[in-house]
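This report describes one protein chain for a reader who has the sequence and the model at hand. Please keep both in view while reading.

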Amino acid sequence: ETGASVTAMILVAAGSGSRLAAGVPKALVEVGGRSLLQHCLDTASTVERITQIVVVVPAAHLREVSAALAGQAVDVAAGGDTRDDSVRAGFALITGAEQILVHDAARPFVPAEVFERVIDALTDSEAVIPAVPVVDTIKRVRDGVVIDTPVRDELVAVQTPQGFRAATLRAAHDGHDPQVTDDAMRVERAGIAVRVVAGSPQGFKITTPFDLAVAGAMLEER
Ligand code: C5P
């Protein structure tokens, strides 16, 4: 049972949310009377094996968010230009964790059971990601022309939290790379097997005003 009780979480919330056009950073946008960030913290606080949470927020909002989160057991760091940079900013505040989860604040409704599933799978894997099957056919397109259609059975849409042995994630996060869109991508490039577990339809990422409307409707149904 090495490290099963020492799992930290980096909650990346430093995106601008320009596609949401809400006028405030996306993680601070409210749905159902709570910010996306707070919804994430509400769920994560029910996951007992998460022993430290580092929230990474836009530098310009560091004081405001720190004040808003006062009284909750979280550390707050200033984010960077890309998600990848923000994850590294979160590392700096993690103390002694043997496992690290990286979670998008833009996915406020990931159920606790997905967090549990990822942590469980870390017992015998170095890297774990939650994913759901894709329903659309996905094509690779260049200059407006299809160049390839991957077999759909082999495709999944990847969510967060993504889980890693701390040493594996730290070693993989080496230098700035503008192409990196998730943490598993770095670990894959290092030749390490990334295990896939079931995500959840509720793990969808809020990106556009449409997604926010869906989130509001979902909460009203509860
Ligand atoms: O931009 P995207 O939707 O991929 O962002 C995913 C997550 O990464 C969001 O929770 C966002 O706040 C975070 N992010 C960040 N720092 C950035 C860009 C995105 O923490 N510079």
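Asp-143 counts as exposed, at 77% relative accessibility; in this report, exposed means over 50% relative accessible area, buried means under 20%, and partly exposed lies in between (1.4 Å probe, protein chains only). Asp-143 sits in the loop between β8 (140-142) and β9 (145-148). Although Asp-143 is not a glycine, its phi is positive, at about 50°. Ala-21, likewise not a glycine, also has a positive phi of about 50°. Ala-21 belongs to the loop between β1 and β2 (30-31), and with a relative accessible area of 66% it is exposed. Most residues other than glycine have a negative phi, and most peptide bonds are trans. A cis peptide bond is found between Thr-160 and Pro-161, with an omega of about 5°. Pro-161 is located in the loop between β10 (156-158) and β11.

| Residue | Phi | Relative accessible area |
|---|---|---|
| Ala-21 | about 50° | 66% |
| Asp-143 | about 50° | 77% |

The model is predicted: local features need pLDDT of at least 70, side-chain atom pairs count only at pLDDT 80 or more, and totals for chains, interfaces and linings use all residues. Residues are numbered from 1 along each chain as its sequence is written, and side-chain values use heavy atoms, with hydrogens and water left out.

The protein chain contains seven helices and 12 strands; helices (H or I, at least four residues) and strands (E, at least two) are DSSP runs, numbered from the N terminus. The radius of gyration of the protein chain is 17 Å, close to the 17 Å that the globule rule gives for 222 residues, so the chain is as compact as a globular protein of that length. This radius is taken over C-alpha atoms, and the globule rule is 2.2 Å times the number of residues to the power 0.38. Along the principal axes, the C-alpha atoms fill a box of roughly 50 × 40 × 35 Å. Of the 222 residues, 46% are buried.

Strand β6 (residues 99-104) is mostly covered, since six of its six residues are buried. Gln-99, Leu-101 and His-103 lie on one side of β6, and Ile-100, Val-102 and Asp-104 on the other. Strand β1 (residues 7-12) pairs with β6 in the parallel sense over six bridges, where pairing requires that DSSP finds at least two bridges between two strands. In this pairing, Met-9 stands opposite Leu-101. Strand β11 (residues 162-165) runs antiparallel to β6, and four bridges join them; here Val-102 stands opposite Gln-162.

Among the helices, α1 (residues 36-44) is mostly covered, with eight of its nine residues buried. The buried residues of α1 include Leu-36, Cys-40 and Ala-44.

Is Val-118 buried or exposed? Val-118 is buried, with a relative accessible area of 0%, and its place is in helix α4 (residues 112-121). Apart from neighbours within four places in sequence, Val-118 is in contact (heavy atoms within 4.5 Å) with Leu-101, Val-128, Pro-130, Pro-161, Gln-162, Gly-163 and Val-197. Val-118 and Val-145 are 27 residues apart in sequence and 38 Å apart in space, C-alpha to C-alpha.
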